[in-house]
Structure formats: C-alpha cells, structure tokens
There are 2 protein chains.
Amino acid sequence: MEFWGSSTRPWYPVNGEGQLIERIQRDVKLPRGSGIVLGIGDDCAIFRQRGSTEDLLFTTDLLVEDVHFRRATHRAADAGWKALARGLSDIAAMGGEPRFFLLSLAVARWADARWVDGFYRGLLRLAARAGATLVGGDVGRSDKVMCDIVVCGAVPRGRALRRDGARAGDAIYVSGRLGGSALGLSTGRGAAWRRHLRPEPRLALGRFLRERVRATGAMDLSDGISTDLRRFAAASKLAAEIEAPPQFAGASLEQALHGGEDYELLFTVPSRTKVPAEFEGVPLTRIGVMRRGRPGTVLLGDRPLPPLGFDHFR
Amino acid sequence: MEFWGSSTRPWYPVNGEGQLIERIQRDVKLPRGSGIVLGIGDDCAIFRQRGSTEDLLFTTDLLVEDVHFRRATHRAADAGWKALARGLSDIAAMGGEPRFFLLSLAVARWADARWVDGFYRGLLRLAARAGATLVGGDVGRSDKVMCDIVVCGAVPRGRALRRDGARAGDAIYVSGRLGGSALGLSTGRGAAWRRHLRPEPRLALGRFLRERVRATGAMDLSDGISTDLRRFAAASKLAAEIEAPPQFAGASLEQALHGGEDYELLFTVPSRTKVPAEFEGVPLTRIGVMRRGRPGTVLLGDRPLPPLGFDHFR
C-alpha cells in the first residue's frame, strides 16, 4: 500500500481535492471492538482477533500494464513476480511473516493463455520462496493487464513496525543501495535491470529488524526515498535530516533519491542501538537522524529535499 | 470471488488451457499448520488463527468500467456501491459478518476528482450500513476505471456455509426473484434498473441461513443461476434438478436463468427442514433438489440447462 500513506501532499491533481484521502481517513471511524488496530495510512492495516497472540497485516497493491511493467520489455513471469513482490515488501516493512494472498487479475485481449500461465509461474515461484499460499482471487477482462494483490502477514501481537513509531533523535537507516531499479529501467540491462525485473522483498531483514534490532519504525521504499521518507516522517510527526544514501553501482544521486521500486527498507533505531553493517549480504547504512520540526520535512544536508519520487497523479 | 469457483468448464477460451485454474488449484498446496481452512474454489477463502473462536473469510472482486458499469449510465456513487456490494455478497453467501475491507482503485483520465469523490460516497454509504470499515488500499492510474475490493468477514469457527456442503436429497432454494438486474440493464428504468444499480447483499439472510435454518450449503448468484448452480453442484459433487426459478416482475425466463448480478442467495437444506416463505420481506422459494449424478449437471425439468450465464472469457 502506498498512496494511502501519503498525507503530506495532494494525491490528486485537481486543486482543492488534495485532501480527499485525508477526508476519507477522517470519515472512516475505527469502531471500538472491531479488532482494527491500524487503518489507512501505513504499509499495512493491522487486525487483531480476540484470543489470538498474533496480529494480522493486510496490504493491497495494484500492478498496471504500462505503469508497473511493459509488455515489450517484461516477460509474463517478471510481471507475476513483481505483483507479489510489491505486497510482500509491505509485509517485510512491518516485520511480518507472509501467510496467504489473493490475486485479482484483469486480462487484456493481447495476453494469451501462455502469457497468463507465465504470469502465474513467476508469481507462484516467489510465493513458494516466501512461504505464502495463494488462496483465491478473481479474474476478468480489461483493455490492459491489471492486477491487484492482497497479502496477509502476521506479527506477534503489538509488535508490527510502523511508520509512526520513530522518535526525535532516532537514527535513520536504509538497506541496500538505492536507485538500481530506476537505473535498470533507463538502461534495460545488467544487474540494475535484473534488479528492476525481480525485486527481492526484504522479509528476513524485516523480521530481524523487529526481533533483534528492535527498530522503532520502518517502511519499504517503493516510490523513492525523497517521497517515502517524507511520508514516514509525517506519520511520526517529525522532520528528517539525511545525507546522500548509498547508490546502486552506476546509479546517479537523482536515481538514488527519487527512483522508485527499490523495495529496500527504511528504518529507525534509538541513537545508541548498534546496527550491524550488513544483514545476509545486504548493507545497512546510517543515513541520518529524526528531528523535531515541521512533520514531513526532509533535509538533505542543509537543504530541503523535494519529494520527486514516483507519483501516479503528477 | 467468482471465476476461481468455476471448475466445470474452461474459464479461458484457448483450447487446452481450460485447465489453468484447475492446475493452479492443484499446484497450490495448503501447508499444514498454515491456518488455511479453505483455499481456491468457493465464494471466500477461510482462515483460522490459533486461539480464535472465529474463522475469517476473505474475498476479492474486480469492478471494471464497461464490464460491470458504464460511465454514461452509472453514476459514480452507483459504481462505488456496487464495488463493495459484490464483495459483501460473497461474505453473505458464507453466512458471515463483514469486518473490514480494502480498496484498490485505478483511476482513468476522464474520472475527475468529483467522480472519485462520488465513488467513495456510494462505497462508504453501503459500508456504513453493513458495518464494514475501510482500512486501506492502493490507488493508481489506468485507461479505464478499475477497482478491486477485498472484504474480510467472520463466522463462528467451522460454521461457514460452503459450496461443497450439499448432500443428495437436499432441497434447493433461492432468495428473491431472479432476472431483475438483467432486465434493468436492458431497459434502463424502473425497479429493475434500480435493482441493477444498487444490489442489496443478503447479509442478514446469510446469517439467518447459518444460525437458524442450518443450511447445508450456499453461494451467491452473481453470474446467473444456470452457471452458478453448476459450480455449486460441481463443488458438492452432485447433480441438481430444478424447476423455473421465481422471476423478477417483467423479467423473462431467460433473464431469470442466465442473467447475472442478482446477488440473491442459492442454498440447500435437508429435505425435512422447514424454511419460512420469506425472510424480512424477501421470498425464499424451493426450486429443486440435489441428486446423485454427474457432478455439475443441472436439469431444468427433465432437460439439461446449459450454463449460459455471464462469462468474461466467452
């Protein structure tokens, strides 16, 4: 889930309608006793069943032809992989373990049975790796291929890593090196292109951050850190000061700051927490600190960093 | 959820690919201890958390412009209402109570902020009536408006009404009068058109069937009884013999048999069960009996009833 988490700027281009999501958020009351711990505004919603020691996490993500993948450059199996990776990344961001998922798939006329077959092959391959089971969905027709994935994950009760958990003084970290997916999209080859095609949701890292590091907050980087950190800081009602994040080999600073679809994790820890330099080969880099200040403000060095990450409505 | 439940005929038009869904169903193993009680193939998937006295139901439904609604004839609020009604109807079919839902919405260029606002208004109006809370989702862009709704409901542990619960000799019932939505779609006016625009998910009836009537099986009628009863009978590994179902005022027998989107409930009860003639003003009509025979066979009188209901892939 992404745009639901955007409370810092208009998600809709028409003047005066920028507050639509916020209005919906305000209109939607979470009824007492409903078991809903967290609604609109984070990577996942959180639901708690009476008697259970675990909280359930729910996230939905759209994958749209010519927005998230292109017929000419992405194989069917890549599209299927990515559809699920997007949802799993949200579960990872909360430190969850995936349990099951549902898939709604609208099939375009051009997509023949072989394509659909390949799509499911890529999807189920990642599902098997992640231990997530496909339990249902819907299929239909449309002009372009479009799918929506719903993933359910679980965390021990009250332990989900949230966007609103960071405190002033917390150190800000990112996993991996940023800008790889944007670089790959522009060059169409090499390690960066493979990175774009087959993002790896950081599930093991998310659990490690929750269980061992005891991160105070986390989110996944799907739209570029300039945009995502702004959302994170706004949710925590703080400002963020960072230096340049680690760049994927060959990626520009612009790509590292504003490029989407890296699916790395952004997280915060108390200033004295020791964070290892890497986890299972993925570097963990301290890039800054959370400060009191106008909620959602992001400074790169001493300058404001504009949120130029991916936005469907710009 | 609809097409996932179709195991009786090809869901995909290309020869030799008709078994895709069945192959996926076969490929997808439900891991022991995963809590997944029921996967692909019914109105909802069923998930059971350790320690809980309730089972959770999950369903997803697509709503696609020019398939499920038209810009020229359906107001935004009608589209929003229908998007949620489709999911709630699946929860009703299992005798569940809705808890929460998520919505992914892909917005076309033509749909301005006012349209999106109206869409949410219709959606949230039905949500308030049904006691379902919007907890998250995703938004994006596409050429046509398309959305996917995910609804979570709950039933007491082990009590969900399923498609595979009917036994030979059980009486078959339907709620309401069929063909209204198809009639409304063809005439564009009157009670039938209102019925098409604002279907009423039979939530109270579903609970009544589970708690009081103790139905052996149920499903919702979204694609026409000729198609849906075939799926139901196939799931229960039985044949079905029916007479003409009650027709919506002005609807033809064809519309009552093959017209989609009535969102009434089909259910079965042991032959001696007394079923009231109506529930909260909605007639409950005995239309036939489940028999041993080729699974999925449906006879109308003494003739096979072909499944001519709505099918995206025909």
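Everything here comes from a predicted model. B:R195 sits in helix 5 (residues 190–197) of chain B. Leaving aside residues up to four places away in sequence, B:R195 touches B:R177, B:S181, B:R202, B:F248, B:D262 and B:E264.

**The sheet in chain B**

Now for the strands. Chain B has an open sheet of six strands, in the order 1-2-3-6-4-5, and the pairing is mixed. Which strands stand at the edges? They are strand 1 (36–38) and strand 5 (133–141) of chain B; each has a single partner strand, so one side of each is left without a neighbour in the sheet. On average, neighbouring strands of this sheet are turned by 20 degrees against each other, direction ignored.

Strands of a sheet pair through backbone hydrogen bonds, either parallel or antiparallel. For strand 4 (residues 97–107) and strand 6 (residues 146–156) of chain B the sense is antiparallel, over nine bridges. To pick out one spot, B:L105 has B:C147 in strand 6 of chain B as its bridge partner.

Helix 3 (residues 113–130) of chain B lies across strand 3 (54–64), strand 4, strand 5 and strand 6 of that chain. Its direction is at about 170 degrees to strand 4 of chain B.

**Rings that meet**

Over all chains, the count comes to 17 aromatic pairs. One of them joins A:F100 and B:F47: the pair is tilted, at 4.9 Å centre to centre with 50 degrees between the planes. This pair crosses between chains, running from strand 4 (residues 97–107) of chain A, where A:F100 sits, to strand 2 (residues 45–48) of chain B, which holds B:F47.

Another pair is B:F69 with B:W115, whose ring centres are 6.2 Å apart and whose planes are at 25 degrees, so the pair is stacked. B:F69 lies in the loop between strand 3 and helix 2 (76–93) of chain B, while B:W115 is in helix 3 of chain B, so the pair ties together parts that are 46 residues apart in sequence.

| Residue | Relative accessible area |
|---|---|
| A:F100 | 2%, buried |
| B:F47 | 2%, buried |
| B:F69 | 2%, buried |
| B:W115 | 12%, buried |

Ring pairs also link A:F47, A:F58, A:F100, B:F47, B:F58 and B:F100 into a cluster.

**Helices in chain A**

Over in chain A, the axes of helix 4 (residues 180–187) and helix 5 (residues 190–197) come within 7 Å and cross at roughly 110 degrees. Those two helices of chain A are therefore roughly perpendicular to each other. What meets what here? From helix 4 of chain A come A:G180, A:S181, A:L183, A:G184 and A:L185, and from helix 5 of chain A come A:A192, A:W193, A:R195 and A:H196. By class, this contact has four nonpolar, four polar and one charged residues.

Finally, look at helix 7 (residues 225–235) of chain A. Ten of its eleven residues are buried, so this helix is largely enclosed by the rest of the structure. Those buried residues are A:I225, A:S226, A:T227, A:D228, A:L229, A:R230, A:R231, A:F232, A:A233 and A:A234. Just after helix 7 of chain A, A:K237 takes a positive phi of about 55 degrees.

Terms used:
Residues numbered from 1 in each chain as written. Chains lettered and ligands numbered in written order. Predicted model: local features only at pLDDT ≥ 70, side-chain atom pairs only at ≥ 80, totals over all residues. Heavy atoms only, no water. Pairing = 2+ DSSP bridges. Helix = DSSP H or I, 4+ residues; strand = E, 2+ residues; numbered from the N terminus. Axes fitted to C-alpha atoms, helices over the stretch in contact; angles between N-to-C directions. Contact = heavy atoms within 4.5 Å. Parallel < 35°, antiparallel > 145°, perpendicular 65-115°, else oblique. Nonpolar A, V, L, I, M, F, W, Y, C, P; charged D, E, K, R; others polar. Buried < 20%, exposed > 50% of the residue type's maximum accessible area, 1.4 Å probe, protein only. Phe/Tyr/Trp six-rings, centres within 6.5 Å; stacked < 30°, edge-to-face > 60°.
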